[in-house]
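I opened this model to look up its folding elements, its surface and a few local contacts. My notes follow in the order in which I made them.

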Amino acid sequence: MIFSQIGLLIAALKWLIGLVSLSFALLLVGLICLIMSSEPVASTEPQIIDYPIQTVKSVAVLTPALKKGKLLFATNCETCHEISVARVVGPGLLG
């Protein structure tokens with residue numbers, strides 16, 4: 001009879017040790033996660049830089065290279081970008 005009670009006591013003690021070990025392991029994992037999440041995370045949003053408003057200089061005579069550049073911009077870039085600080089689809093190109 002005493003041996004059966006000792007056996008139950010040992011089983012309960014093993015269960016308690018297992019529960020304390022599990023609690024300690026969960027506490028350790030929680031602390032590691034807390035430390036890892038406290039580091040600054042890079043923002044996924046693009047930074048908006050506010051440039052001072054400047055006037056765009058107009059060119060009196062367009063050279064062939066400038067004409068080609070103007071055509072390339074009008075064809076490929078103008079739908080998403082403006083020559084200002086305003087954002088259309090892409091960022092503004094002024095500055």
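The entries below go from the whole protein to single residues.

Entry 1, ground rules. I am working with a predicted model, in which local features need pLDDT of at least 70 and side-chain atom pairs count only at pLDDT 80 or more, while totals for chains, interfaces and linings use all residues. Residues are numbered from 1 along each chain as its sequence is written, and side-chain values use heavy atoms, with hydrogens and water left out.

I found two helices and zero strands, taking helices (H or I, at least four residues) and strands (E, at least two) as DSSP runs numbered from the N terminus. Of the 95 residues, 3% count as buried, where buried means under 20% relative accessible area, exposed over 50% and partly exposed in between (1.4 Å probe, protein chains only). The protein exposes about 8,900 Å², and carbon and sulfur atoms supply 72% of this area.

I looked up L26, which sits in helix α1 (residues 2-37), and L26 counts as exposed because its relative accessibility is 56%.

I checked the length of α2: its 14 residues should span 20 Å at 1.5 Å a residue, and its end C-alpha atoms, 19 Å apart, agree with that. The expected span is 1.5 Å times one less than the number of residues. I placed S84 in the segment after α2 (64-77), and a polar atom of the S84 side chain lies 3.1 Å from the backbone nitrogen of A86. Leaving aside residues up to four places away in sequence, S84 touches G92, L93 and L94, contact meaning heavy atoms within 4.5 Å.

Note on methods: Areas by Shrake-Rupley, 256 points an atom, 1.4 Å probe, with all protein chains shown as cover. Polar contact = N/O pair within 3.5 Å; in protein donor to acceptor, adjacent residues only side chain to side chain.
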